[in-house]
Amino acid sequence: MRRIALQMKYCGTAYHGWQRQKQDITVQEVLENALSITCEEPITVVGCGRTDAGVHAWRYCVSFDSDTKIPLDRLPLALNMRLPEDISVQAAVEAPVDFNAILSCVKKEYTYTILNSRIRDPFLAPFSYFYPSPLDTDRMAEGAAAFVGTHDFAAVRSVGTQTKTTVRTVHYFHVERTGDQVILRVCADGFLYNMARAMVGTLLYVAQGKIAPAEIPELLALGDRRLTGPTVPSQGLALSRIWYPGVVGEMMES
């Protein structure tokens with residue numbers, strides 16, 4: 001029995017998030033079905049985290065145990081023959097026996113893309129939030145910097161998944177404009193339910209002048225979700241980087 005880690009990516013448009021559910025189709029269900037057929041044994045995977053319906057993953061990691069004799073350099077090709085076009089396995093490595101895709105994760109980066117243009121682009125629609133009003137990205141960047149550090153992030157968390165603590169550490173939060181696209185990248189040791197999307201929504205309020213950048217620390221201290229910005233739509237969000245120690249970390253950066 002080996003512990004195997006996969007690097008994968010997926011477009012979340014057609015799926016009701018990552019985690020297997022009773023009725024709706026999810027990425028986990030599709031992957032486990034392909035793995036079970038390919039490895040000729042029942043496979044249950046551990047994913048590096050939940051992504052909501054419509055959210056994408058440019059980099060994602062799963063771990064599982066298997067007796068498969070398929071060489072790991074050939075496993076991605078074998079799996080991709082059974083996976084739909086919107087899910088792809090990029091690489092596979094043998095991981096330490098105590099590796100766990102979610103518990104071993106050091107930090108994650110999410111990227112949110114806003115199409116800030118008067119005219120929508122149908123080719124970007126599945127992967128960005130169309131926002132036609134002008135955005136002051138300098139003001140948004142100032143607000144983003146206020147999220148950096150160790151804080152209680154209950155003020156930007158939707159009610160949902162239970163967690164022992166709402167304290168997280170944000171390592172960086174960058175805002176940049178490339179043409180008509182505003183790209184927001186936030187890295188943290190972990191994310192609460194809808195935390196990334198609520199932080200982006202709060203920065204939209206900052207850009208509109210509804211919230212001052214200097215107010216963000218006070219809003220975090222108050223911990224009242226009603227005082228911060230909206231949860232922006234899911235299609236603009238993608239899990240973009242994941243950090244691990246050792247051989248899995250090397251695979252994820254390759």
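Modeller: Two strands pair if DSSP finds at least two bridges between them. Helices (H or I, at least four residues) and strands (E, at least two) are DSSP runs, numbered from the N terminus. What you see above is a predicted model, with residues numbered from 1 along each chain as its sequence is written.

Biologist: Thanks! How many bridges join S1 to S3?

Modeller: Look for strand S1 at 2-10 and strand S3 at 56-66. The two run antiparallel, and Arg2 has Ser66 as its bridge partner in S3. The number of bridges joining S1 to S3 is 8.

Biologist: And which residue in S4 is the bridge partner of Met8?

Modeller: S1 also pairs with S4, in the antiparallel sense and over 7 bridges. S4 covers residues 87-94. Within S4, the partner of Met8 is Val89.

Biologist: Let's turn to H6. Within what arc do its buried residues fall?

Modeller: Helix H6 spans residues 246-253, and its buried residues are Val248, Gly249, Met251 and Met252. The arc is that of the directions from the helix axis to the C-beta atoms. These residues line one face of H6, because seen down the axis they fall within an arc of 160 degrees.

Biologist: Now H3. Which residues are exposed on its other side?

Modeller: In helix H3 (residues 137-145), the buried residues are Thr137, Met140, Gly143 and Ala144. They sit on the same side of H3 because they cover an arc of only 115 degrees around the axis. They pack against S8, S9, H4 and H5. On the other side of H3, the exposed residues are Asp138 and Glu142.

Biologist: What is the phi of Gly179, in the turn between S8 and S9?

Modeller: S8 and S9 pair in the antiparallel sense over 8 bridges, with Val175 opposite Leu184. S9 also runs antiparallel to S5, joined by 8 bridges, and Glu109 stands opposite Cys187. S9 is mostly covered, with 6 of its 8 residues buried. S8 and S9 form a hairpin with 2 residues between them, and the phi of Gly179 is positive, about 65 degrees.

Biologist: What volume does the largest pocket have?

Modeller: On a 1 Å grid over the protein atoms alone, a pocket is an open set of points where a 1.4 Å probe fits, with protein on both sides within 12 Å along at least five of seven lines; lining residues have an atom within 4 Å of a point. Of the 37 lining residues, the closest to the centre are Gly49, Arg50, Ile102, Lys108 and Phe191. H4 gives the largest share of the lining, 3 residues. Grid points are joined across faces, edges and corners, and a volume is the space filled by probe spheres set on the points: here, about 980 Å³.

Biologist: Is Val232 buried or exposed?

Modeller: Val232 is found in the loop between H5 and S10. It touches Tyr112, Tyr129, Arg197, Val200, Gly201 and Leu204, not counting residues up to four places away in sequence. With a relative accessible area of 2%, Val232 is buried.

Biologist: How far apart in space are Pro233 and Ala198?

Modeller: Pro233 is in the loop between H5 and S10 and counts as partly exposed, at 28% relative accessibility. Pro233 and Ala198 are 35 residues apart in sequence. In space, C-alpha to C-alpha, the distance is 9.7 Å.

Terms used
Predicted model: local features only at pLDDT ≥ 70, side-chain atom pairs only at ≥ 80, totals over all residues. Heavy atoms only, no water. Buried < 20%, exposed > 50% of the residue type's maximum accessible area, 1.4 Å probe, protein only. Contact = heavy atoms within 4.5 Å.
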